[in-house]
Amino acid sequence: MNHIEKLSIKISPAATNGKKNRTDTSKEKTNQDKYCATDFCEKKIGGSSLGLEELSGNSNAGISAVYGDEKSERGVIKSPTSLKAVNASTPDSVTIVTGGAGFLGSHLCTRLIHKGARVIAIDNLSTGFRANVAHLMKSDRFELIEHDIISPIKINQKVNAIYNLACSASPAKYQLDPIHTFRTSIDGAYNMLNLANQKSARILQASTSEVYGDPEISPQRETYRGAVNTYGPRACYDEGKRGAETLFYEYACMNKIETRIARIFNTYGPLMDPLDGRVVSNFVVQALMGQDITIYGTGEQTRSFCYVSDLIDGLIRLMESEDGVASPVNLGNPHEFTVLEVAKMVLAKTCSRSRLRFMDAPKDEPKKRRPDITLALTLLSWQPKISFSDGLDRMIVYFGQKLLDRSGKALL
Ligand code: UDP
């Protein structure tokens, strides 16, 4: 029996990490005040009493129409239901998911279809796969359009929401064509913002923990401004995503569309491409194949890993939140591991005899990464449910099945 064949009996029983995420309720009011959509736009135009309607020249609409007269029980000024009336989700309106055939995008499309939505996935299939959404093709509520969002796209239907997820997130992949990566973030975000504006749709940007670069503080909270090298191999992704946040900020203020920004931390789960080069997928595949486990640098660098179903839950909650959460919200699992710990867990769970191989650390590698998710917990009542140990078990089963063909031979 090889390691893959042994999987069904070797995987440890599901374990819970037993740790609860801490909530600092005393900070609730401060955070909500900081992150109110209307509040941040008011600051932009000088903190005067000028509201958004005045900015667009609609002098009839008073400030109260913009901010609402109502205060929530936490004293937070609620944003109006919409800054520009957002198309309601109706049976004939669609939700667009760019990057819909990718790892996160395909999970999101599946969840949205299960919720009864009509979904159009837009993907250039550079790192996404038709196979990821093959199970949705038989639904008359799902469509996949092969298109690169660096060019504008015309959609004839009514659109109620756009999730902008298109962009390779793996350093190994996004560095293959860095200019295209950068343009995907910038031109892609601009094209999707224009579409959202045309359609009066709400739009969510998949931003990233990479906006914090190689952070000087840990955990990272949304108010931290990051330490990013503008002139290095990760910049095409990091700076592209930072620029996209800026575009969202400016666009939301000038065009008054409803925006959401999710800063997504490391996420893993089934449908990851085994050749994507990410740490969890690499280690699991290497352990199952009996290959050396490639540790870049000392392995003391840390990451915090969120299971995909938790992340999708957070994205949908953020998109559907009615609190006017226009500014960025961290979504990730705050439980932190060193890369070496991940390697050891994978080796133990797979009973693999793979050896550790230490290699050079990539340039501009973040040394630590851990989200502060107080804001998501406060605003969205969201926190991850799946421990890394449980999620890893599921990944090992998934890759175990994927790596075997019917005759039991390894495919990779
Ligand atoms: N890493 C590693 N070996 C691998 C792949 C990644 O040691 O085979 C390290 C990588 O250097 C980084 C961490 O694992 O410190 C996470 O890498 P990944 O590419 O998954 O995502 P990142 O968080 O760097 O975008």
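Modeller: Sorted by class, the shell around the ligand holds 6 nonpolar, 6 polar and 3 charged residues. The model is predicted. In it, 15 residues surround the ligand, and Arg278, Val279, Asn282, Thr294 and Tyr296 are the closest. Two or more residues of this shell come from each of α10 (279–289) and β8 (293–296). The largest share, 3 residues, is that of β8.

Next, helix α8. Its 22 residues, 178–199, reach 31 Å from the first C-alpha to the last, close to the 32 Å expected at 1.5 Å a residue. Even so, α8 has a kink of about 30°, centred on Thr184. Thr184 is also one of the buried residues of α8, among them Phe182, Gly188, Met192, Leu195 and Lys199. The cover over the buried residues of α8 includes the strands β1 (93–98), β4 (158–164) and β5 (202–208), together with the helices α7 (171–174) and α9 (235–255). Ser200 follows α8 and has a positive phi, near 55°.

Last, helix α12. Its 12 residues, 339–350, should span 16 Å at 1.5 Å a residue, and the end C-alpha atoms are 17 Å apart, which agrees. Buried in α12 are Val339, Val342, Ala343, Val346 and Thr350. These residues lie on the same side of α12, because they cover an arc of only 100° around the axis. An α-helix has 3.6 residues a turn, so residues three or four places apart point the same way. Just after α12, Cys351 takes a positive phi of about 55°.

Methods:
Residues numbered from 1 in each chain as written. Predicted model: local features only at pLDDT ≥ 70, side-chain atom pairs only at ≥ 80, totals over all residues. Near = placed C-beta within 6 Å. Helix = DSSP H or I, 4+ residues; strand = E, 2+ residues; numbered from the N terminus. Nonpolar A, V, L, I, M, F, W, Y, C, P; charged D, E, K, R; others polar. Expected span 1.5 Å × (residues − 1). Bend = angle between axes of the 7 residues up to and from the residue. Buried ≥ 20, exposed ≤ 12 C-beta atoms within 10 Å, placed from the backbone. Contact = placed C-beta atoms within 7 Å. Arc of directions from axis to C-beta.
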